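Student: I am new to this structure and would like to go through it by question and answer. Please show it first.

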Amino acid sequence: VITNWHIVRGANNIKVKFINGEKIKAEVAVKDIQNDIAFLKLERQPQLPPSDLKIGDSSKMNISDEVFTIGYPAHWLLGENPKYARGEVNALSGMKDDPRVFQISVQIQPGNSGGPLFNSSGEVIGITCASLDPKVTIGIFDALPQNVNYAIKSSYISALLPMLPETFIASRSIVAVPKEYENNRANFIEKTKKNIVLIEANRF
């Protein structure tokens, strides 16, 4: 399971919840603190079969390219069914021209962090990670930010894959070529959402 490091940082008890309600304990297998990425190892294999997803090449993305995400924004309020959101790449860098992230118009709410950002072909080209905090930014430039969101580029995910045991990749098809996209977004979402998970990280 791939997510943001800040989600599981300091957690004593991590559980991964699948769309069928199944919960599985997990532990951090690989972490990249600087780039806010963590790979989690599940205690056992889930009942749901893995989706055939491909880690795309984030360097091929351009400004105005369409992107979308599937995740669990504010799940404690909006419910635990996955939500879809679509937008565009606004910039190929983040705050102060940080090259590690995209700025995107896909709205990122609390609970979206750590979710996949897909390109129009259904490849994972990033991890949603943050939005500009209105409370902080209004004190800096006396205005509310308008839909300014960020995603970590997939190149930083790919750089961590060699650190995983070979069995992880072989058994879970992390970088398997996706099945035919069928040019149908609804079908893609239906197939993919079973492996987009809700992470419960408890600190006590």
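Tutor: Helices (H or I, at least four residues) and strands (E, at least two) are DSSP runs, numbered from the N terminus. This is a predicted model, where local features need pLDDT of at least 70 and side-chain atom pairs count only at pLDDT 80 or more, while totals for chains, interfaces and linings use all residues. Residues are numbered from 1 along each chain as its sequence is written, and side-chain values use heavy atoms, with hydrogens and water left out.

Student: How many helices and strands does the protein chain have?

Tutor: Counting the DSSP runs gives the secondary structure of the protein chain. The count comes to six helices and eleven strands.

Student: In what order do the strands of the open sheet run?

Tutor: Two strands pair if DSSP finds at least two bridges between them. S1 and S4 (residues 37-42) pair over two bridges in the antiparallel sense, with Ile2 opposite Phe39 in S4. The edge strands, each pairing on one side only, are S1 and S11 (198-202). The open sheet has five strands with antiparallel pairing, in the order S1-S4-S3-S2-S11.

Student: Is Asn4 buried or exposed?

Tutor: Asn4 lies in the loop between strand S1 (2-3) and helix H1 (5-8). A residue is buried under 20% relative accessible area, exposed over 50% and partly exposed in between (1.4 Å probe, protein chains only). Because its relative accessible area is 0%, Asn4 is buried.

Student: Which backbone oxygen does the side chain of Asn4 reach?

Tutor: Leaving aside neighbours within four places in sequence, Asn4 is in contact with several residues, including Asp36, Ala38, Thr128 and Ile152. At 3.2 Å, its side chain reaches the backbone oxygen of Asp36.

Notes: A polar contact is a pair of N or O atoms within 3.5 Å; within protein, one must be able to donate a hydrogen and the other to accept it, and residues adjacent in sequence count only if both atoms are side-chain atoms. Contact means heavy atoms within 4.5 Å.
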